[in-house]
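Reader: I have this model open and would like to know what lies behind its labels. Could you walk me through them?

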Amino acid sequence: MRIILFILQKEFLQIFRNRAMLPIIFFVPIVQLLVLAYAATFEIKNVNLFVIDQDYSPSSRDLILKFKGSQFYTIVGYSEAFTAGDQALINNEADQILQIPADFEKKLETEKASSLQVTTNAINGSAASLMNAYALSIIMDYNTNVILETLGLRHPPDPISISSAFWYNPELDYITFMVPGILVLLVFIIGSFLSGMNVVREKEIGTIEQVNVTPIKKYQFIIGKLIPFWFIGMFELAFGLAVARLVFDIPILGSLGLIFFMAGVFLLVALGMGLFISTITSTQQQAMFITWFFMVVFILMSGLFTPVQSMPEWAQWLNKINPIAYFIEVMRMVMLKGSTFSDILTQFFSLLILGVLMNILAIWRYRKVV
Amino acid sequence: MKGFIIKEFFHIFRDVRSMVILFGMPLVQVLVFGFAITTEIKDVEIAILDYSRDHLSQELSNKILSSEYFILAENLEDEGQIESVFKAGKVKEVIIFRDNFARNLEKEQHAAIHIIADASDPNSANIIVNYTTGIIRSFMLEKIGEKALPIEINTEYKMLFNPELKSVFMFIPGIITVLLMLVSAMMTSISIAREKELGTMEVLLVSPLNPVQIVAGKVIPYVFLSFVNAITILLLAFFVFGMPVQGSIILLLAESLLFIIMALALGIFISTVSGSQQTAMMISMFALMLPTILLSGFIFPIENMPEVLQWLCNLMPTKWFIIIVKDIMLKGVGLTYIWKETLIILGMTIFFIVLSVKKFKIRLE
Amino acid sequence: MHSEEHIIRVENLTRKFGSFTAVDKLNFYVNKGEIFGFLGANGAGKTTAIRILCGLLLPTSGKIEVAGFDIYRQTNKVKQNIGYMSQKFSLYEDMTVAENFRFYGGIYGLSRKDIREKISYYLHKLRLEKKKNAIIKSLPLGWKQKLAFSVAMMHDPKVIFLDEPTGGVDPVTRRQFWEMIYEAASAGTTIFVTTHYMDEAEYCQRVSIMVDGRIEALDTPERLKKQFEADSMEGVFLQLARGHS
């Protein structure tokens, strides 16, 4: 125990003397939270619409006004020529084209049926389907209005009334959803990245050899190396939670104690992973790449951005060993829904098993003697 | 000079682990993105709370569950259970049928259904509710019989450039960009910082090679590696995911080369301002990767970000390169459409080169 | 042979890296309190041998005892009784002189009081009291080497292994360094030192010369010079090394 204390003292000295460390601990979390929270959104708030109006009638103008009045649409250009619309789409000036054919109004009056065309830039598939939905609802709305005005008919009420409620996030605020997940990334980066790098650095500089000739035990060295980053990770979480609460006004419905307890377990996995990577690499460059690689895969598959249940079977299986996926679930459940420990038992045991396995692997791979 | 480049290649290739990562990474990432990352919704677990338990409520439940979107996780008994199933994270949605569903519908032509969604994931919640509503509507039409609208506007929807709405089309240009950035900027900055740290840089600096040659020697292998990576991804995109290259492939490669040079210049610049590998890594990690992934339009559309971030995005070379790649691959346009983006990247390249040359000289004095 | 007198005993030590035999059937012993020179050209296998004796590397075969303990079974006892100063500079550059002493003293299990006493003893001896709180990075190489030696000596090891301790150091500092070595030896510590400087070889009580993984000669400098009819150790070394290249 005394020996571990000496190692701890040395590690903290080195960490806080490193001028790059303090910005990483304080600055990076804020930037990450701010940038990620605002940038990572699939919401479409603005659609640039190009209008090709070949009808030029009061009806077509009414329809265009409906689009103009929508909070989602900005009209970026008008023309009569089809090519102008295509051009605008290719130029990225417009996201969507509304084409109103020359006989729009006439057909509406004589045949009681008319047609329109909506063309959407679909490179971003999910955005495109949203934009389509927007256009659809405006046109439907317009359709109902026309019926009402020309025939004086009212749309009959639906035989089944559907009411819906959105719990835990009634305003469907995307930031509320993202922030708990971002906090997980923050803790993970500190845990796996900094700790792994720290050990490889000693290897690269050669000081690890001097430590290896001492009678120090494997576990003493590893515990001494891990504890500082465990504390920094916990601190980081506290700091991040404060920012989330004060800046973003994210609710924390569940127990703070539970959040920190689970973070402690999660950090075990992250630290073990960092340490394991450090044992299989010999330079910081390699360590960074491997860490980066796993981080990207873990993050993308974790459900941070896209729903896990939509992934194919094999991907969901892979997620069984993805610590980030478990902890993101936990954070969202505890923070946003107020889930209790009995709700997250699965995640707790999974993380615990991963943590124990990771650390056993790391200790087994860590060699004092070659 | 030639020998020097060969030395760099040896450094890189002899290191099996780095090689695996360099060439394995694009493969895995493209596959993960292509197959696993999808914003579509399916197999959502829901719970049903049916107070009526009559033939119509059963029929509607079956109809909802027989769609590919929903799986029944639990039948609830009373409203008190809703909270607990949500908290346990078992279901994303609860559908509630009030009493006498069938009788109300048949006798009074009016029945009520209540949907509660777990909106802690707002995006999914919204889509799930929309799907449910859609299924209920179509059920309604089946039962009541469809009445055609007295006046109808038919809209034809066309999805341009990606008719099947594949997510891969969106992600491939982004992955190419991220990897080029990673391999070029990150690897060079770290490898130069490493030589500085180990003191071997000084040996090179006193050699008859001039600084430009040294730097060129360091970066040429990475140009090559980046290129191989880019081509691997393009081949994968084409053969595995059926993503076309509509425009000129020569133009695409030329633009890639320009971007690689820009990234290398940036990498060199980072290495000149950082004294150790660790600093170089931190700068690369946080100053490069974060914006490359988030502020480039790779995953999240830029137009929806707050003004300040949009402004920041303009400073990201990756934003412009992703536009170029998408335009060439998916829209099939030529240089006349993307000269502006090309010029911006060219400008950035020159900016970084000038900056690093300046820094480099100061260091030599 | 009794391990009380022979502080290091090596029998048939062999270490292979794949098909390459770095160290081939070494047999030697080192007496207690002796200054033992371990010479050889680059790549002769010195560093491999020294790393094995320190427990950093496992031998492929052979029987080795250091400070009376078996290198296989009693590794930690061996480590408690040896000091090591490597070719690569091994103090933490971003910590102060005192912090380095405290750290290494701590992991050898010295009490805080002992550590304090050792720090003031060694700093006084090196006349570096004022540099107690200086960051290692800011000190000249010669000082760092002397500090590294002191740190390695802090837990009073029975044997200290010095792997090219004076590489890159000026002649004055080298001289001072050897004075420290003599002092340690006269206090009873056994010194096991590798070096490239042949004048330093003359300071050793006995010298072994390794060529291609084997010990080709082992005796006092006097007798070696007589045996090879050379007037300096450099002559002896050149004859042996030349004979094999």
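Author: Gladly! In chain A, the domain assignment gives domain 1 (47-151) and domain 2 (170-365), with bounds that come from an automatic or database domain assignment. Their C-alpha centres lie 48 Å apart. This is a predicted model, where local features need pLDDT of at least 70, side-chain atom pairs count only at pLDDT 80 or more, and totals for chains, interfaces and linings use all residues. Residues are numbered from 1 along each chain as its sequence is written, while chains are lettered from A and ligands numbered from 1 in the order in which they are written.

Reader: Which domains does the assignment give chain B?

Author: Domain 1 (44-144) and domain 2 (163-364), with 49 Å between their centres, taken over C-alpha atoms.

Reader: What makes β3 and β4 of chain A a pair?

Author: Strands are DSSP runs (E, at least two residues), numbered from the N terminus. Two of them pair if DSSP finds at least two bridges between them. Four bridges join β3 (residues 96-100) of chain A to β4 (residues 113-121) of chain A, so the two strands count as paired; they run antiparallel. In β4(A), A:Thr119 is the bridge partner of A:Ile97.

Reader: What is the strand order of the open sheet of five strands?

Author: The order is β2(A)-β1(A)-β3(A)-β4(A)-β5(B), with mixed pairing.

Reader: Why are β2 of chain A and β5 of chain B called edge strands?

Author: Because β2 (73-79) of chain A and β5 (152-160) of chain B each pair on one side only, where pairing has the meaning given above.
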